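Colleague: I am new to this model and would be glad of a close look at a single part of it. Could you take me slowly through one place where chains meet, and then through what surrounds that place?

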Amino acid sequence: MDQLNNYLFISAILFSLGVFGVMTRRNGIAVLMGVELILNSANLNFVAFSRFGGMNLDGHIFGLIVIVLAAAEAAVALAIVINIYNNLNTINVDEASTMKE
Amino acid sequence: MENSFILYSLLILFLPLLAFVIQIFFGKRLPREGDWVSIGAISITLILAITMFVKMLLVGDPEFKHEASIVWLDMGAFTISLGFLVDNITIIMLLIVALISTCTHIFSTEYLKGDIRYSRYFGYLGLFTFSMNGIVLANNLMSMYMFWELVGVSSYLLIGHWFEKDSAADASKKAFLTNRVGDIGFFIGIMLIYSAVGSFAFTDVFDGVASGMIAGTTLTFAGVGLFMGAMGKSSQFPLHIWLPDAMEGPTPVSALMHAATMVAAGVYLTVRIFPILTPDALLVVAYVGGFTALFAASIAITQTDIKKVLAYSTVSQLGYMILAVGTGVYTAAFFHLLTHAMFKANLFYGSGSVIHSMHHALHEKHDHETDPQDMHNMGGFKDKMPITYWSMLISTMAIAGVPLFSGFLSKDAILAGTLSFAQHHPEHLLLPLFGFGAALMTAFYMFRMIFLTFHGEPKMPELIDDIHESPKEMTGPIVLLGTLSVYIWYTLPNNLSPMSSYGWFNPKLDNHNFKGGLVHPIDSSVPGSISALEIAEHAHHAHHMAMYISIAVAAIGIFLSWFIYIKKGLSVNALAERAGFLYRWSFNKYYFDENYNKYLYQPTLRLADKVSWLDWELYDKYFINGFGRLTNWASKVTGKFDFDVIDQLLVDGTGKIANLIGRKFKGVQTGKLQNYVLYVAAGVIILMVIQSF
Amino acid sequence: MDYILSWLIWLPVIGMVAIAFIPRDKEVLIKQSAAVTTGLQFVLTLVLWNNFDSKDGSMQFKEWAEWIPSFNISYYLGVDGLSLPMVILTGMLFFIGVFVSWNIKKAVKGYFALFLLLNTGVMGVFLSLDFFLFYIFWEVMLLPMYFLIGMWGGPQREYAAIKFFLYTLFGSVLMLIGILGLYFSCGKTFDILELTRVAPEALSSIMWWGMSAIKVIWILLFIGFAIKVPVFPFHTWLPLAHVEAPTAVSVLLAGILLKLGVYGIIRVNYGLMPDGVYWFSYALAFLGLINVVWGGLCALAQKDLKKLVAYSSVNHMGYSLIGMAAVVAAGEAHGANLKAAQAGLGGAVFQMFNHGTISAMLFILVGVIYERAHHREIEGFGGLASQMPVYTGVTAVAFFAGLGLPGLSGFISEAMCFIGAFPVYKGIVIASTIGILLNAAYFLWAFQRIFFGELNEKYNDLPEINRLELFTVIPLLVVTLFLGIYPAPYLDIISSTMDTIIEHVVSMATYASM
Amino acid sequence: MNNLQSLSFFYPELLLTLVILFAIIYDLLIDSSESGKVGWVLVFGLVLVAIAIWFQDSSKVTTLFTDAVVLDPFSTFFKLLIILATIFVSVVSLYSNELRDYRKGEYFYLLGIITFGLFMMVSSIDLIMVYVSIEIVSIMSFVLAGYLKKNTRSNEAALKYVVYGAFSSGIMLFGLSYIYGLTGSTNFFQIQQILASSGSESNSAILMAVVMILAGFGYKVSAVPFHFWTPDVYEGSPTTITAYLSIAPKAGAFAMMIRFFNQVLADGGAMSGLGYFSTTDLPWASLISLLAVLTMTVGNVVAIQQDNIKRMLAYSSIAHAGYMLLAMPVMSGDSIYAIMVYLVMYLFMNLGAFFVVITIKNKTDGETFDDYKGLGWEMPIVGITMTLFMVSLTGLPPTAGFIGKFYIFASLIQGGGSFYWLVVIGGVNSVVSLYYYLRVVKVMYFDGDRKDSLVSPPKVLTAMLLATAVPTMVLGIYWVPIAKWIKESLVFFIQTI
């Protein structure tokens, strides 16, 4: 059990870092990296639960699928950021705020 | 026989209405603007009324009574019937109305000649006559109330006949509203009675009262409520304020409505409902009446406008009648109503005649400033207008209570009743004092009016040449009514003595019984009340004493008037000065209008403004719209929160703080580290939660 | 005769569709179509009256068709003595309304289409016996009204329109909740007649938040209706809406739409919650009193003639409320005073009709003067009596009708309301008789300021009321006068139904402790 | 049922896949200027798929692909709904000027892929499928939101969407991982079993996990406080996509949420009419009630301030999500039924409203209130239909919107006294919403000059307006067939272990 807790601890830290990154970084790429961190923290959880929780392999499968989806998402997200860069010459998230109340 | 009375009543009721309808729709297009339609209709009613009167005399039955009613409104259990009650009182009253109304119609043809709303004026007269007859004929409170209101409207319309004048418009509104105040009481009284008795008809109500369905305080309140209606219509204190102002109407109207008939409706009502008035209610009636009699007389003393004098005199005389009802001698009140109708209408015609000629005279001189009604502009008209003068003098003597004239008889009956009441109830000594005091003042101010108008030197000599006697359409009614102010018409055929009122009208007390006469008082329905006979006997005993006092009082009044205004034994101005505030109070009608205005009308209007402000500016604007504004505000705040707080402050803010701290420490790393720790801590908390299982 | 009620409701829709196909520049044709449609409808209402059996206090000419079976919703129509006069009034006022709006210039097509849609809504509410249907028609009225005020109204029209809409919608949302509450607690039916049978018992055993369901639902429905009446303190939409609305719409608003509130209370609250009637009756009378006094005082203070008339509606509907409350007099607690109950309820229902004709007349007359002088400031006139004698005469009658003069219908209903309510609510009735005075005060004062005095020189070429306008006023005047003199035809229609309602309220009340 | 066997029940999805593939290939073959034809391909294909679904016998509920997805009437209903929305949007997309300058082939087959994702969403009963389907839909939506490559607002919308979307689905994933950790399974029914049998000591963890999962659902249905992306994305995206986003993913997310709450967190007894019975003793009902109230209130209240109609409709769609959420806590058969009815009604009226926005944008290239001045006179059909949609969105009879609200309110009231306050708040909210909906009407009719010349939109757009307006009207008066169909669809797979 202790080992599971260690993994959970790490994943929680990763999760927190991810949230922090998403919230604070201006750079679009960095924000996306924050997202990746969150996804990976979840992955870590899945794998850890699967390995140490004495459970089936569902967790592993879940992890794999998430990796695939994360890659797809990252691809699309990066494409969007590039497009933003093309149009606005910046990848600063703050500057993309023409729409507000 | 029975049918003919009802039929006549129907005709009498509806003919004037017909005239009204014709006048309103076609009057302008008819020759002579259709005045003949109205006169024709009213003359027929007069003939019918006389026929009924004669028939009544022939029947000679004091118990004579016919009733007919139809169900007017039927909800199953709740019904309202309308109907006629034809008895001696009704017929006499019908005759008064028809007679004065006919006179007024004829008088008006001359008085209002050339008026732009001539036909409409006659129409309104018809409407009035219709409604007045309705009151007279009503056999139940509901229809009486309805006609009561209609009379109010016709009064409103006629007072406001010359509505271009603001004063006339004001007066008409005032009359209607003041009457409505009384009507509220009337209506509450009706509701009190109906909710107890379950019927509006007089007979049912009397029976109900007799059987105790309604008694005690409730009955008193009901009586006082009904009496409030009478107070409004008969212009009793404190609702007297409208009648003097009503003189803004054409003078014939004043004669018809505001002297003889409409204002008498209140008295008529109290006479009708006398059987249900409890002793307490009667006391209220008596005091209101008595006080009004004295109070109004005291105002009349100082008025300079000839019509105002007569108006206050009317108020005072009505007070008399009310006083009589209150003290129990209600047939005396009705008797006074009858005589008063004649002489007061005549006085108004007389004053109308004077004003008419003043008007013409002033017109000749192109003088539009001088007030044609101010007695200070008159004087010495005696020779110029002899018919008017003599007729008015007769009527004045009648009202002053000089023997040989009608007023003497009726006034005497009232005073006797009052006196006897005080004899049996010494604590109410004030009542006869009111009566005699008012009688004194009446004699004084009436002769003052005669002296100022007809005697002495002309105050405006330049006018005197243009003062002429009025045409015969006007003098005719004056002469007629002047004649009717002589006592003999009221004592025939049984009695020729001017000192006793016993005649076709009043019964003679004979061996503890009423004998002769057509108007017998009936016993009150209120259980435990003193019987009519007893009242009559008490009054009879006080009769002589009252007569002597009243003659003396009248004589003193007339003498004083002569002494001051003819003999000039006392300077009027000096008197006024010496009397000081008394004079000013009287002259200014005790500041009633001012005080009502200050403490009643204005506060009400202010209240209305406040309420409206509250409603619109406060309640609606802030409370109701407040919801809208609140939503809007919430919307803005939420919108702001959305963007400013969540997006800018929380999301960007964290970054900003990080940046700021970073810059401060010249190394991004340090700043981030601190935030880092914060978020790690948050993560640890999550972990700890998980560890808890 | 079989589908006469359906015809009444859908005829305007047919007219509306017809108008939709007329090109928008053929204005006269549009107006004529509207006139024909409403005229036909009016005739139909008279036919309905002619065939109506006034001895029968129950629903007549019933029509039933299945609609949404899963919710037990049906297309159910019927008419009784309570709704028939309102139906006739609706037919009459809409017919007259077409002529009142004859001079509309802007977007004639849209105006009359919406006008007819409104007609359907109003008619539908009066004839529905299914609560769901009732609610639909109730709401159908809102949108046309919004447009009619917002598009063809005065300067503040948009504000007035949205305010009217929001206010009424608020009420009807509460009503919807009440309706649903009834549906689920009374055996899943929307049939008003069925609910009338079932609800009094079914509701009395249910408690919500420690309160009887009767109270909760009564309040929900009452607020919905009270806003329409309007009962103080839900009245502030009214002056605004009336003032801003075009004349014909004010006429309809005051003449019919306000009646829906009272109608709803009697039909629904009284029918479904007799216990609630007992519980609420004092409050009802008291609200009536406030309406009378508050409305009267507000009217007295108004400077705008139309606003004065609008507040007079608040004042007049107060009488109806007071009269309505009298229905409890027939109960044992008040000595089974059937007379009072009949007088009160009958008076209230009569007052609905009378206020309908009288206020319609008043608004038309205000419209007439506004058309000519282009303002409605009472102080801004003066002396018009000599310039426009016919107009003055007609207005005088209307004003006198408004102030409850005997001989005109308003008096009878007001008197009946008072007389009926008096045995139960002595204090309230006595206090509210002040309304008699206030009524007279504000009408006469306004009358004086407008018509009396020297003629304002601005207006010495003001044209007299014309034939078309007279044509719109005179019928109302005649009805007012006729019913004032001879109310029997009206009372014949309603009296059996009133008895049914009174009987129902009294006998179904369980006097459950609420 | 194993994978191969499952395929025979999966043919509508396979057909859809074929259609998408065909579209991709077809797009490669044709010229850019003709790329609109791909749209017709999609529409035609979707019609075929719809027919396939319609004739597929879903009455025998069954699980496919080793319990990953189910085939039941409930999912069939949503699939048809989604197809309908997609067809509407596809057709209108062909006539939207916004997209004129772009190659549209991609656009349409991305729509097709979203449809596929949504199919998965409405039928998944496995946490993995849940996540995968959400991601499929999301990723395609990101692309479509940013489809107007040269439009910075569209770019911005896409960026915001992608960050928010990825972030929330990340959080959801984290929550899912805990659920997995707690129960050791990803299958709905097994999870339910284990949760039901475990004691209350793990409640705090479940609560946290479910809140995190709610973040994902909330993001999809745009419930407060996970709604922040909605206004910006709706405003920036091509209007057609906005219209689509406001309907289809929302419907899918609701289907998913209903399944999740009903089968994981409750005992699934709702269908039998017994109402909600929580697997755990955690207060899901209150939590969702709170969410619902917040959602509709914020949506309505903030909508009042908007000057941009698209943005206003975005907030309005938040509010409508709130109304639907309102029925969730009751969790009775009737409440789910009500949500389904509402979705149908909402589909027509909301799509209709967006179609009007598209029509107007085609004409004036603007979407603020000012652009609508006097429009009612100039374009009568547009004016009247827009009025109808606005009235319907407010929920006034006799329109579809009222029926939706009626069902929602009715289910709440039937749920008992504890839900009355929700009804009152819902009612008051619809009064508030009247204000901004009517503002559109006001601007169209009361403001601006009345023009005498008439302008008519393209015929197809008019037809689409009518195609949404007529049901909006008719369903407000007679909705028995729809109600019946929904009632029959209200069967979903319940596995008893």
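**Where chain C meets chain B**

Modeller: In this predicted model, the part to begin with is the contact between two chains, in which 44 residues of chain C are in contact with 38 residues of chain B. On the side of chain C that touches chain B, at least two residues each are supplied by α12 (274–301), α14 (338–373), α15 (384–387), α17 (409–421), α18 (426–432), α19 and α21 (488–508) of chain C. Of these contributions the largest share, seven residues, comes from α19(C). Sorted by class, the residues of the side of chain C that touches chain B are 30 nonpolar, 11 polar and three charged. To place this among the other contacts, there are five pairs of chains in contact, and chains B and C share the most contacts of them. Chain A and chain C, by contrast, do not touch, and their nearest C-alpha atoms are 24 Å apart.

Helix α19 of chain C covers residues 434–451, and its axis comes within 11 Å of the axis of helix α13 of chain C, which covers residues 305–325, the two crossing at roughly 165°. Because an angle over 145 degrees counts as roughly antiparallel, α13(C) is roughly antiparallel to α19(C). The crossing in which α13(C) passes α19(C) is left-handed. On the α13(C) side the residues that meet the other helix are C:Leu305, C:Leu308, C:Asn315 and C:Gly318, and on the α19(C) side they are C:Gly435, C:Asn439, C:Tyr442 and C:Ala446. Taken by class, this contact of α13(C) with α19(C) has four nonpolar, four polar and no charged residues.

If we take B:Ala345 as an example and leave aside its neighbours within four places in sequence, we find B:Ala345 in contact with B:Ile100, B:Cys103, B:Ala255, B:Leu256, B:Ala259, B:Ala260 and B:Leu481.

In chain B, the peptide bond from B:Phe237 to B:Pro238 is cis, with omega near 0°, and B:Pro238 lies in the loop that runs between α8 (216–233) and α9 (242–245) of that chain. In chain C, the peptide bond from C:Phe232 to C:Pro233 is cis, with omega near 0°, and C:Pro233 sits in the loop between α9 (213–228) and α10 (237–244) of chain C.

D:Asp67 has a phi near 65°, a positive value in a residue other than glycine, and its position is in the loop between β1 (62–64) and β2 (69–71) of chain D. D:Asp67 counts as partly exposed because 18 C-beta neighbours lie inside 10 Å. D:Asp365 is not a glycine either, yet its phi is positive, at about 60°, and D:Asp365 belongs to the loop between α14 and α15 (375–378) of chain D. With 10 other C-beta atoms within 10 Å, D:Asp365 is exposed.

Technical notes
Residues numbered from 1 in each chain as written. Chains lettered and ligands numbered in written order. Predicted model: local features only at pLDDT ≥ 70, side-chain atom pairs only at ≥ 80, totals over all residues. Axes fitted to C-alpha atoms, helices over the stretch in contact; angles between N-to-C directions. Helix = DSSP H or I, 4+ residues; strand = E, 2+ residues; numbered from the N terminus. Parallel < 35°, antiparallel > 145°, perpendicular 65-115°, else oblique. Left-handed = near helix turned anticlockwise from the far one by under 90°. Contact = placed C-beta atoms within 7 Å. Nonpolar A, V, L, I, M, F, W, Y, C, P; charged D, E, K, R; others polar. Buried ≥ 20, exposed ≤ 12 C-beta atoms within 10 Å, placed from the backbone.
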